[in-house]
Amino acid sequence: MDTDSAPTGELSPAPARPDSAATPGVLSAAPGGPHGDSLFEQLLDAAPDATVGVDQAGSIVFVNAQALRLFGYRREELLGEPIEILVPDDMTRAHRDLRKKYAAAATHRAMGSGNPLHARRKDGSVFPAEISLSGLQAGTGLIVSAAVRDISDRLHAEAERARLREEAERAKLQNQLQHTQRIESLGQLAGGIAHDFNNLLAVIINYAEFVTDTTAGHLPAGGDAEPWIADVNRDGQQILRAARRGADLTRQLLAFARQDVTRPEILVVADAVHQIEDMLRRVLGEHILLVTRLPGGCGPVLLDPGQFEQVLVNLAVNARDAMPDGGTLTIDTASVLADADYVSQCPQIRPGEYTRLRVSDTGTGMPREVIDRVFEPFFTTKAPGQGTGLGLAMVYGIVTAAGGTVGIYSERGLGTTISIMLPVTDRRPAPRTEADVAEPDMQGHGETVLLVEDEPALRQVCRRLLVAAGYRVLTADDSTAALDLARRQPDGGIDLLLTDVIMPHLLGTTLAEQVTALHPGIRVLFMSGYATPVLAARGTLDPAVRLLEKPFTRDQLRSAVHRALR
Ligand code: ADP
Ligand code: MG
């Protein structure tokens, strides 16, 4: 490399201003001797980048040590050669054109910062390069100095960074999906338990009512009854109270599992919030300020009003618990259009128009580990007896069943915002059904009820209640027995089929079809605590289906039967 044979002494890169060319000899690129150690060369070799000088004809006139290393040539192999020797074959023509244009208006300029340029080594290998050009006025004319940087590593690192970013993004989506799936399977589990539990509660509630009713009948106003009767009555009341609390819990579980029976209505969220504002204030207490921002113009949504109230009350209770020393709870609504951009960030949301309901508090906030688990049923950070861990699980179930999503933003020490997106409906309000109208407790007049229930204790309770209410009752413990019974009855011999929905062998719905075929005039009343998937298309109950929700009380059973027969 030190065998230097720079062709001419005219190669000194004379500065553009002739008056500063006071030290031409020093700057001469011409080799001072066989070792080529002129100051110019030393400077060139000290430069961080590979540098190549090209004259107007396109010939290489100087080259530094870095360039020799980068391109794999010896100096004498490059000097005097056309610069295109360093350019990939497919680009030589374009390069030549560019070079001529540049010579016409030489300025300092960076090339290759947009699309990377490419350069070719002696061994033919090509690498991406960033090239910056400067024009030097030499005695013989313009010389272009090109500083060449191999940017393979940088491009590689950038690609790697992009890959990692993409991977992280994918992992995040995967994580979200797994989280949703875990909550779904918890929902199924919870729903199954709640279903069985509801049957037990129905039995407990009704037997406890037998006890309280019977004993109440022996508690004359005069008070001369035996004391144990009053004791038994009180005990019965306690059992009733506890069982009803249990029924509340199973209702929350079923809401989470999206298996409770809902009666969605067209709901204007702002109006619905407005209606329960006073109640929320009472829930929150005086130390918490409730602020509502409910602008008009948000589209109506399809939601069970009772469930909407449960959602807001649960969120308000959580906020209250997070602000023991007081604070502010803000409820606001807004119209949000989920477009392609929005959906790409929230894959669980479908494109369309939404009404967003936000509930924000200025409370304690929660750490990441808590945020990740809040929707799980029974997850609570509260002391035993103070939290059931069902609040947000229920909110989640209700909102997702309505086609919406729930998001949480929480900052420790600053507060929490729950953001609920509910899809705007284009449905119009439906007329109220007779089922919404309260019915007094009515007696039967010997009508025949075919009662089908596979849970023996519940079957007995229902039978007893119906007989006491004046009905003739035929019982069957499954669909097969029910069909047998129905076949043996004369035409018009059964007035009402009262059947469980989920039974072994045959679903109540199918049984109803077959019994109706045998007795065309028969009425049907379903009972279930777990009916939505079977009875309801997309979570909404057909108004024609009569359903008695378990667990039910005596009065509810009697009035449902009475209405079904009317
Ligand atoms: P519970 O209120 O019975 O504990 P939830 O499902 O309503 O059950 O809430 C679960 C947990 O989430 C709470 O125990 C609490 O740790 C946390 N949490 C919920 N809402 C808030 C809130 N607004 N601020 C702080 N923490 C909250
Ligand atoms: Mg709660």
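**Close-up views of a predicted model**

The protein holds 18 helices and 18 strands, and the coordinates shown here come from a predicted model. Here is a friendly tour, one view at a time.

**View 1. The whole chain, with its confidence and its contacts.** The pLDDT averages 82 over the protein, and 85% of the residues score at least 70. Residues 1-36 stay under 50 in pLDDT, and the model gives them 50 contacts beyond four places in sequence. Residues 432-438 also have a pLDDT below 50, with seven contacts in the model beyond near neighbours in sequence. Where pLDDT is low, the predicted coordinates should not be read in detail. The protein has 566 residues, of which 44% count as buried. If we take contacts between residues at least 6 apart in sequence, 66% of them join residues at least 24 apart.

**View 2. A mixed sheet of five strands.** This open sheet runs in the order β8-β10-β11-β13-β12, and its pairing is mixed. The edges belong to β8 (288-293) and β12 (405-411); each has a single partner strand, so one side of each is left without a neighbour in the sheet. On average, neighbouring strands are turned by 15 degrees against each other, direction ignored. Two helices pack on this sheet, and both are worth a look. Helix α9 (residues 277-284) touches β8 and β10, and its direction makes about 155 degrees with that of β8. Helix α10 (residues 305-322) touches β8, β10, β11 and β13, and its direction makes about 30 degrees with that of β11.

**View 3. Leu390, a buried loop residue.** Leu390 sits in the loop between α12 (368-371) and α13 (391-401). Is Leu390 buried or exposed? Its relative accessibility is 1%, so Leu390 counts as buried, the cut-off for buried being under 20%. Leaving aside residues up to four places away in sequence, Leu390 touches Leu249, Gln252, Leu253, Pro377 and Phe378. Asn314 is 76 residues from Leu390 along the chain, and the C-alpha atoms of the two are separated by 9.1 Å.

**View 4. A parallel sheet of five strands.** Here the open sheet has the order β15-β14-β16-β17-β18, and the pairing is parallel. At the edges stand β15 (472-476) and β18 (547-549), each with a single partner strand, so one side of each is left without a neighbour in the sheet. From one strand to the next the twist averages 20 degrees. Between β14 (residues 448-452) and β15 there are five bridges in the parallel sense, and Leu451 has Thr475 of β15 opposite. Helix α16 (residues 508-518) lies across β14, β16 (496-500) and β17 (523-528), and runs at about 160 degrees to β16.

**View 5. Helix α14 and its buried side.** Helix α14 (residues 456-468) has 13 residues, and its first and last C-alpha atoms lie 18 Å apart, close to the 18 Å expected at 1.5 Å a residue. Which residues of α14 are buried? They are Leu458, Arg459, Val461, Cys462, Leu465 and Leu466. These residues cover an arc of only 165 degrees around the axis, which puts them on the same side of α14. An α-helix has 3.6 residues a turn, so residues three or four places apart point the same way. The cover over the buried residues of α14 includes α6 (152-216), α18 (554-565) and the strands β14, β15, β16 and β17. After α14 comes Gly470, with a positive phi near 100 degrees.

Notes. Residues are numbered from 1 along each chain as its sequence is written. Chains are lettered from A and ligands numbered from 1 in the order in which they are written. This is a predicted model: local features need pLDDT of at least 70, side-chain atom pairs count only at pLDDT 80 or more; totals for chains, interfaces and linings use all residues. Side-chain values use heavy atoms; hydrogens and water are left out. Two strands pair if DSSP finds at least two bridges between them. Helices (H or I, at least four residues) and strands (E, at least two) are DSSP runs, numbered from the N terminus. Axes are lines fitted to C-alpha atoms, for helices over the stretch in contact, and angles run from 0 to 180 degrees between N-to-C directions. Contact means heavy atoms within 4.5 Å. The expected span of a helix is 1.5 Å times one less than its number of residues. Buried means under 20% relative accessible area, exposed over 50%, partly exposed in between (1.4 Å probe, protein chains only). The arc is that of the directions from the helix axis to the C-beta atoms. pLDDT is the predictor's confidence in each residue, from 0 to 100.
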